[in-house]
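Thanks for coming, everyone. Let me put the model on the screen, and then we can walk through it.

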Amino acid sequence: MDVDTRVVPANERYDYWHESVCDHFVPLLVTPASRNLQGRIQAVEFADTHVRRIAGTEHRFQRREQDIRRGGDPEQLNIVFVTHGSTVVEQDGRSAALHAGSFAFYDSSRPFDFRTRENFDYTIALLPKNRLDLPEATLRGCTIRPRSARTGVGRVARRLISSFAVPGREALGPSQASAIQDSLLATVRPLIAVDEPSIDASMFRVMARAYIQQRLADPDLSPRAVAAACGISPSYLHRLFDTEPQTVAAFIREQRLRTAVELLTSPAHRRDSVAKIGAACGIVDPASFSRMVRSRFGASPRELRRGASVRFI
């Protein structure tokens, strides 16, 4: 559920905000700079990865030893992208100033301190350290080393993660959520090295695939829209997929249909109509949806729901 302090009476606002920040991130000491507290959080989750957009008035956020002991540690490496404002961040004996257009890593396992100097707006990805599969020394060495999110791999990661921070979408199936998480981790992992990584075609391919997975419910999803989201030309996007088994359009169609099968056969969606499931996969015409499913899998949506085996034809 999204959080907005404007919906809460002024005398209840601090408690509501403090609890919400701790619930969506980790246990923290949250200290607004003034009584005119305002804040909002938008939350999206993919498998074990969480994306948060948090904005508000001037604040201090401190994670202390007692917070870690009391609330436990989710073992997350977090990457914060600053959209607005200026913030001084401290962790692991390092201190740095973050400004709009920059990013840095910080770790939930150890104390940290964020002090904003004005209104702020961040997009933060909370990454499961066990899925990053990197040595602890590497993870510790990457924290509080600000870099630009306007160029190179930082730009790719910012675009990808920001595109995810859109709440209110249909719940994703497990395979779709896992695919998005894998794409996100593959994009972020090179940034964990202290040296600036080079950007190559594989990064844009990862970004395109992840964007497609996230936007399957959008009937207007197209190669042109994917290219625009990735900041590349449609012709370059098509060239990126020249070495792939499918074109961009075919990949979009295949992911929609595979997600449809997952939803049709999921107990959690057994009460959803076939038309609703088709729309959740970006195919708004029920007749077209049924034809596409039968053509691809050899059975109608209703037959698949009744237990017909999936045949790849």
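Which residue is the bridge partner of Phe103 in β12? It is Arg147. Before going further, a word on the source. This is a predicted model, where local features need pLDDT of at least 70, side-chain atom pairs count only at pLDDT 80 or more, and totals for chains, interfaces and linings use all residues. Residues are numbered from 1 along each chain as its sequence is written, and side-chain values use heavy atoms, with hydrogens and water left out.

Back to that pair. Pairing here requires at least two bridges between the strands, as found by DSSP. Helices (H or I, at least four residues) and strands (E, at least two) are DSSP runs, numbered from the N terminus.

Axes are lines fitted to C-alpha atoms, for helices over the stretch in contact, and angles run from 0 to 180 degrees between N-to-C directions.

Next, strand β7, residues 86-91. Of its 6 residues, 5 are buried. Buried means under 20% relative accessible area, exposed means over 50%, and partly exposed is in between, with a 1.4 Å probe and protein chains only. β7 has an antiparallel partner in β8 (residues 94-99), over 6 bridges. There, Ser86 stands opposite His99. β7 also pairs with β10 (residues 112-116), again antiparallel, over 4 bridges. In that pairing, Thr87 faces Thr116.

The β7-β8 hairpin has 2 residues between the strands, and Asp92 takes a positive phi near 55 degrees. Most residues other than glycine have a negative phi. Two more cases, then. Ala47, in the loop between β3 and β4, has phi near 55 degrees. Its relative accessible area is 40%, so Ala47 is partly exposed. Asp133, in the loop between α3 and α4, has a positive phi of about 55 degrees. At 68% relative accessibility, Asp133 is exposed.

On to the helices. Which residues of α8 are buried? Pro223, Val226, Ala227, Ala229 and Cys230. Seen down the axis, they fall within an arc of 160 degrees, so they line one face of α8. That arc is taken from the directions from the helix axis to the C-beta atoms. Arg224 and Ala228 are exposed, on the face turned away from the buried side. The buried residues pack against α5, α7, α9 and α10. Contact means heavy atoms within 4.5 Å. After α8 comes Gly231, with a positive phi near 75 degrees.

Last, α5 (152-164) and α7 (201-214). Their axes come within 10 Å and cross at roughly 5 degrees. The two helices are therefore roughly parallel; angles under 35 degrees count as roughly parallel, over 145 as roughly antiparallel, 65 to 115 as roughly perpendicular and the rest as oblique. Among the residues that meet are Val153, Leu160 and Phe164 in α5, and Met203, Phe204 and Tyr211 in α7. The contact divides into 9 nonpolar, 2 polar and 2 charged residues. Ala, Val, Leu, Ile, Met, Phe, Trp, Tyr, Cys and Pro count as nonpolar, Asp, Glu, Lys and Arg as charged, and the others, Gly among them, as polar.
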